[in-house]
Amino acid sequence: MVLELNASDDRGIDVVRNEIKNFASTMQIFSRGFKLIILDEADSMTAVAQNSLRRIIEKYTKNTRFCILANYSHKLNPALISRCTRFRFHPISESAIKENLQPVIVKEHLSIQPSAVDALLRLSKGDMRKALNVLQACKASLSKDGDEIDETMIYDCLGAPQPQDIEGALDSILKDEWTTAYLTIEKLKKQKGLALIDLISGIVEILNNYELKPATRIDILKGLSEVEYGIARGGNDKIQSSAIVGVIKEALENEA
């Protein structure tokens with residue numbers, strides 16, 4: 001009565017036309033319930049397969065129900081979405097993730113610093129699976145049992161920039177002249193492997209704690225969003241680095 005297909009299965013047009021259609025079209029003789037087809041990570045299906053699936057949903061709705069799961073709804077065909085009732089699930093709260101991590105830490109006999117737990121909760125951004133994967137990677141990287149997991153190890157396993165690096169870059173932008181600030185960012189990029197996208201995200205998080213005029217905050221966020229768009233389109237890294245410095249300095253000068 002249940003057919004489940006996940007991202008590891010082939011979900012091209014042949015599977016929709018054959019496996020899904022055959023399952024949905026047959027009715028149980030001695031059962032009056034609905035059949036259920038679960039498609040996990042359906043956003044990875046091809047456009048042709050999604051169009052074919054739409055026709056199957058329309059045709060066999062009397063005896064079959066479909067559960068379509070996706071990480072990114074914009075990758076689904078709008079015609080397919082219109083035939084569904086949408087449920088959006090928010091990221092898990094940090095307190096809930098921490099509550100579920102504690103039994104794992106105890107059962108795996110892990111020694112972890114409180115600051116490392118806080119960093120893990122912050123960087124997982126509501127993703128329980130990500131938090132567990134990072135914790136598992138940290139355990140695998142320990143040289144021997146009993147070693148302590150610290151905050152640096154969490155950042156290294158995720159490949160995320162250290163907070164002090166972001167704060168150092170922002171401090172240089174705020175206090176130093178343009179050339180010095182630019183060279184500081186370039187030095188961090190080379191020595192720490194810092195990506196500009198991560199730098200922008202880190203700067204935005206730190207600026208949230210600053211007391212700025214609404215107009216100044218809007219100017220900074222708008223300017224950084226344009227820089228991020230330029231990076232996404234393949235813009236030159238050096239030009240975008242200088243743009244970050246210029247956006248923040250110009251916004252603060254206008255505030256003064």
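Modeller: One term before we start: contact here means heavy atoms within 4.5 Å. And keep in mind that this is a predicted model.

Colleague: OK. Which residues of α5 and α7 meet, then?
Modeller: On α5 they are Ser115, Ala116, Ala119, Leu120, Arg122 and Leu123. They meet Glu151, Ile154, Tyr155 and Leu158 of α7.

Colleague: How do those residues divide by class?
Modeller: The contact of α5 with α7 has seven nonpolar residues, one polar and two charged.

Colleague: And what are the angle and axis distance for α5 and α7?
Modeller: The axes cross at roughly 30° and come within 7 Å. Helix α7 is residues 151–158. Angles under 35 degrees count as roughly parallel, so α5 and α7 are roughly parallel to each other.

Colleague: Why give both an angle and a distance?
Modeller: Because two packed helices are described by the angle between their axes and the distance between the axes.

Colleague: Next pair. How do α5 and α6 pack?
Modeller: At an angle of about 135°, with their axes 9 Å apart. Helix α5 covers residues 114–124 and helix α6 covers residues 128–140. The two are therefore oblique to each other. The crossing of α5 past α6 is right-handed.

Colleague: Which residues make that contact?
Modeller: Leu120, Leu123 and Ser124 come from α5. From α6 there are Lys130, Ala131, Val134 and Leu135. By class, the contact of α5 with α6 has five nonpolar, one polar and one charged.

Colleague: Switching topic. What domains does the chain get?
Modeller: The domain assignment gives domain 1 (2–82), domain 2 (94–158) and domain 3 (163–254). The centres of domain 1 and domain 2, taken over C-alpha atoms, are 37 Å apart.

Colleague: What does UniProt annotate for residues 161–246?
Modeller: The unreviewed entry has "domain: Replication factor C C-terminal" on that span. In the model, residues 161–246 are 80% helix and 0% strand. The end C-alpha atoms of that span lie 22 Å apart.

Technical notes. Residues are numbered from 1 along each chain as its sequence is written. This is a predicted model: local features need pLDDT of at least 70, side-chain atom pairs count only at pLDDT 80 or more; totals for chains, interfaces and linings use all residues. Side-chain values use heavy atoms; hydrogens and water are left out. UniProt positions are given in the numbering used here, feature names are shortened, and annotations may be inferred rather than shown by experiment. Helices (H or I, at least four residues) and strands (E, at least two) are DSSP runs, numbered from the N terminus. Axes are lines fitted to C-alpha atoms, for helices over the stretch in contact, and angles run from 0 to 180 degrees between N-to-C directions. Angles under 35 degrees count as roughly parallel, over 145 as roughly antiparallel, 65 to 115 as roughly perpendicular and the rest as oblique. A crossing is left-handed if the near helix is turned anticlockwise from the far one by less than a right angle, and right-handed if clockwise. Ala, Val, Leu, Ile, Met, Phe, Trp, Tyr, Cys and Pro count as nonpolar, Asp, Glu, Lys and Arg as charged, and the others, Gly among them, as polar. Domain bounds come from an automatic or database domain assignment.
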